[in-house]
Amino acid sequence: CLLNVAMCKLRMGEKKEAIATCDKAIALDASCVKAHYRKGSAYADMCLYEEARASFQKVLEIEPDNAEAKRELEKLRKSEEKSDRQQRKAFGSLFKQGGEGLGVEQPKVEGSKEEVTADIVRGTGTGGGAMHQGIEGLVKGIAG
């Protein structure tokens, strides 16, 4: 029943609720492949690649030959690459210049790109905070 609720939440776009429902199913049965798979799908839809990868890898720990999980991991890799390219294109020139002419220093961002991306999406942690401060500084400099 929880797996059906999780699927409905996914289809309705309620990703956080779907994850919470999957967590309940996993608490009842840690080897529930569908719960891990749906949790990974929700994380992937939220662009939380590291969390999605962990969920799909858990599926493969339980069922090493699970073709769907392998396919999702490949889609995830491609989505990450596309996201990286888009971010470099959108923000690359701003940060290459280090905010020159705007009176803004380039922010120092610590952590892997997956951690920083997840922090940005969540709006938490040092990666997202530093990125937010950097972007905020650029906006203030432009509006100045």
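This is a predicted model: local features need pLDDT of at least 70, side-chain atom pairs count only at pLDDT 80 or more; totals for chains, interfaces and linings use all residues.
Residues are numbered from 1 along each chain as its sequence is written, and side-chain values use heavy atoms, without hydrogens and water. Helices are DSSP runs of H or I with at least four residues, numbered from the N terminus.

H3 is mostly covered, since 10 of its 13 residues are buried (under 20% relative accessible area, with a 1.4 Å probe and protein chains only), and among them are His-36, Arg-38 and Tyr-43. Part of H3 meets helix H2 (residues 15-28): the two axes, which are lines fitted to C-alpha atoms over the stretch in contact, come within 9 Å and cross at roughly 160°. H2 and H3 are therefore roughly antiparallel, a term for angles over 145 degrees between N-to-C directions. The residues in contact, with heavy atoms within 4.5 Å, include Ala-18 and Cys-22 in H2, and Ala-35 and Ala-42 in H3.

Turning to the cysteines, a search of the whole structure finds zero disulfides, where a disulfide is a pair of cysteine sulfur atoms within 2.5 Å. For Cys-1, the nearest cysteine sulfur is that of Cys-8, 9.3 Å away. Cys-1 is exposed, with a relative accessible area of 81%, exposed meaning over 50%.

Key. Helices (H or I, at least four residues) and strands (E, at least two) are DSSP runs, numbered from the N terminus. Axes are lines fitted to C-alpha atoms, for helices over the stretch in contact, and angles run from 0 to 180 degrees between N-to-C directions. Angles under 35 degrees count as roughly parallel, over 145 as roughly antiparallel, 65 to 115 as roughly perpendicular and the rest as oblique.
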